[in-house]
Each structure stands twice: as C-alpha cells, then as structure tokens.
2 protein chains.
Amino acid sequence: MNISFDIKQFVETLENSCHKVRKKTFSKNEVITNYIEKRNQLCILLDGSADLVRYDLNGNRTIIDHFSKYDVFGEVFYIVSTNNELFVEAKGKCEVLFYIYDDIKKKCKINCKFHETLTELLPELILNKVTNLNMRIELLTKRSIRDKLVGYFNLISSMYLTKSFSLPFSLTDLADYLSVDRSAMMRELKLLKEDGFIEKTGNKITLLYK
Amino acid sequence: MNISFDIKQFVETLENSCHKVRKKTFSKNEVITNYIEKRNQLCILLDGSADLVRYDLNGNRTIIDHFSKYDVFGEVFYIVSTNNELFVEAKGKCEVLFYIYDDIKKKCKINCKFHETLTELLPELILNKVTNLNMRIELLTKRSIRDKLVGYFNLISSMYLTKSFSLPFSLTDLADYLSVDRSAMMRELKLLKEDGFIEKTGNKITLLYK
DNA sequence: TTTTTTCTGTTGCAAAAGCAACAAATTATT
DNA sequence: AATAATTTGTTGCTTTTGCAACAGAAAAAA
C-alpha cells in the first residue's frame, strides 16, 4: 500500500518530535494493547506482525484484522460497540509506536509536527481501513467454506499480482480469519486440491484456475 | 444517530447553493445508483429507505447496508475491490440528493457552502460507516444462525433502548443481511420462540432473556 | 540436541444449514 | 373489489459444517 511509505517517512523523521509518542517492543503472544473506548491511543507497527482478535463467550477466537509493518491501528478505527474485548496480539517480535491524543481531529496543543502530519493523513488511513473492512465483509458473506477460501486466495493473488503465493497466516489463523472450523477448512482445501483448482505445499498456494 | 441532524440542517438550507447538486425521486425497486470506482458521487437519502446490495455469481443476494432518512452513501464509503457490482435499490418511494465532486478532500472550485460543510463533516460520516462495518463483521463472524439472530436483535434492542421492536427489514431481507438461508433462518426463529428466548408476532420481536 | 509445544492433516460422527417445494397470509396492482 | 405478486411459515431431504480426537511434522524452548 502506497500509504505505508508516507507513514515510514514521517515516523522515522518525527517520532521524537512529540512528547506524547512512546516506542515499545513486544515478544511473541504478548498483548500490545486492547481496545477500550476513549482510550485515545493510536499505534503504528514499526516492525513485526500482529493480529486484532476477539474472543466470544463460546471461546471462539476471531481474527478481525491482521497488521504488518507500518500498519496503523487503535480504537479510532474500530469504535467499540459490544462487550467482547478486542486485543492486539504480537505474532512475533514487534516494535510499536504509541501515540496518545487529546482529540484526534484537533491540533496538538504544543503544535508538534508529528500530530499535524498524522491529522492530515488520518482521513486517508481511515478510508484504507474502510476498504479492508469491505473486503472482509465480502469474504464473510460468502455462503460456503470453499467460496471463502477461493475469495481469499483471489484477494491475495490480485494483491501480489501472482498466482503463486505464501499465506500470510498459519492455516489455524486463516480459519479464525474466515470464521470457520479449522478441520472443515482443511477438508475443503484438500477437496480444492483434488478437484484441481489449487496446488498446495505447506502454506504455499498456487491457483490453477482462470 | 446524532449526525443525522447536522445533515438535515445543512441539506435543507444549502441544497440549492451548489450547481453540482441534483435531487431525484425513485419508486420501489428502482436502482438509485450503482458503485463504480471514480464515479465521484455522494448521495444523501432525503426520504424513504434503500439497500446496498450485491449479487454474486451464484445468484445469491447480499444486503451490504441498509439506508434510511438522512443516511449518506456513495463509493467514497465503499471502495470497490471486486468485480461484483453493487447496487443501491429503493425499498419504496425515495428522494435522493446527488452530489458530484471533483476531489472529495479538496474545496469546490466555486467555493460553495454545501461542499465546505460536507468536507468538514466527511471524516465524521466515514467514522460512522466504520462503526457500522465493524458491527456487521461482528455479526457475520458469529458461527451459527441462532447467534447471528440474537446478535442482531441485541443490536437493535440497544439502539432503540427497548426489548420490543419491529424489524427494519422484512424477514426475507434479514436473511440476505445475515447472509443465511431464509428457510433455515425461519426454522431458527421458531426454535428461539419455542425455547422461550423471544416472542414474535409478524415482524415484531420481544426479547425475553437477560 | 533433546524435549516440549504448536501446527498440520485426517477422519467418523453429529449437528446445523441449505435446498426445494408448497400452502397460507399479506401486500401491491389493476 | 378482484387479481396478481410477494412474503411468511413449514417441512422432508441432502449437503455442508462443526466437533472431537489423534498421529505425524514442524517450530520453539530448554
């Protein structure tokens, strides 16, 4: 995503220009943050990858979003509407920039450059999120596991412009992302293979159709 | 939603202040607009109700979003990411305000008040959409029809602050919204009734739990 | 390196959801 | 007011999905 470059630029040059900015590192499975309304926190993933997850009352785990280098997250992008708590979990070693704001829409009192740039970029960042959410909904509304898998593969394929790619998720996590049972998904992957739609070695997928 | 009032205010006073604004009426089942990238159109529903729908290759209909009075829609809020076409369909007689923009983020050349206010409101409107999308995802990730129904009822209930409410959808449309088979949903509704969780007369629901 | 933990791949069985078809009720249309 | 169209409610049957359990592979930790 071309927005990442902008973020990179301004993070690198400006991360020390505002006293409300803190950098912190996390190791695998640590909770980077949880989403609480009015926490007024915005985070930028400087290195590593992390997932936004929710656990429901039945113990089901759902991966809401997946973050990689230079992705931005925080409650502004996900206004909490239910009692289910949301966590951002580190998938490995992570470096995260935390930024606490008073009012995301208004200028920082100290008038720092960091905040100014962030405020400018915000609408674009949010629209970026909206696109992700829409894609997500499109996947989730598909009626069968097969359609979800194929939809997801098409997405990845068109993102990387190749019919052959490694999944950014483990298969276990992919099931949580598509909101289906893992073993049922494995079964469907096998059938897709048998029907000649895909090739699969470990988590490398090759699309054979179209 | 408190934002509606702002919209109402400024629409009523300013709808004639920009030459790029057009008002049009639609009758039931007419297509108000379809989503095409770079169409640069923003619509405000002045009266009636409408649905944003998608038909997939298998002929399944999915209601992506439901709009009522003063809701705002258009491609800015749903960046098209796939080949499936999206339509906004009138559910009855509708009055719609169309606004064509050059660049939603920049001021209108003629510097009209309409555009200025809209540009100011836009981030808030978008965040509003994000909340909706997140709620939607939360519903769709629920693993069973029962959980989807209950989740949806809770949402409506907490929105209207009452345990007794009429559904804003027909049952047929509700199934398309929850992305499940209608008859299977009817069966589950019956079971919910039999298990004493809800009362149901026509499309009026009363929650008996909690 | 060895041990432990997590992830992958598989399967039988049970439960849930989808499909199809139809009658009754409700809502539009003429 | 009569007719047509749509929505609701229901059910038997089929297919899909979920659950549980386990063995082997791979990855992480000791």
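**Exercise 1. Determine how many salt bridges link chain A and chain B, and describe the contact between these chains.**

Step 1. Between chain A and chain B the count is two salt bridges, a salt bridge being a side-chain nitrogen of Lys or Arg within 4 Å of a carboxyl oxygen of Asp or Glu. One of the pairs in a salt bridge is Arg54(A) with Glu138(B), at 3.8 Å from N to O.

Step 2. Helices (H or I, at least four residues) and strands (E, at least two) are DSSP runs, numbered from the N terminus. On the side of chain A that touches chain B, strand 5 and helix 2 of chain A are the elements that give two or more residues. Helix 2 of chain A gives the most, with 11 residues.

Step 3. The contact (heavy atoms within 4.5 Å) takes 31 residues from chain A and 31 residues from chain B. The buried area is about 3200 Å², with 57% from carbon and sulfur atoms; this is the accessible area (1.4 Å probe) that two parts lose on being put together, summed over both. In chain A, the residues that lose the most area to chain B are Ile137(A), Glu138(A) and Arg143(A), together 21% of what that side buries.

The model is predicted: local features need pLDDT of at least 70, side-chain atom pairs count only at pLDDT 80 or more, and totals for chains, interfaces and linings use all residues. Residues are numbered from 1 along each chain as its sequence is written, chains are lettered from A and ligands numbered from 1 in the order in which they are written, and side-chain values use heavy atoms, with hydrogens and water left out.

**Exercise 2. Identify which residues come nearest to DNA strand D.**

Step 1. Of the 18 residues around DNA strand D (a heavy atom within 4 Å), Ser144(A), Ile145(A), Thr172(B), Lys190(B) and Lys200(B) come nearest.

Step 2. A side-chain N or O atom of Arg187(A) is 3.0 Å from a base nitrogen of DNA strand D.

**Exercise 3. Explain why helix 4 of chain A is largely enclosed.**

Notes. Buried < 20%, exposed > 50% of the residue type's maximum accessible area, 1.4 Å probe, protein only. Polar contact = N/O pair within 3.5 Å; in protein donor to acceptor, adjacent residues only side chain to side chain.
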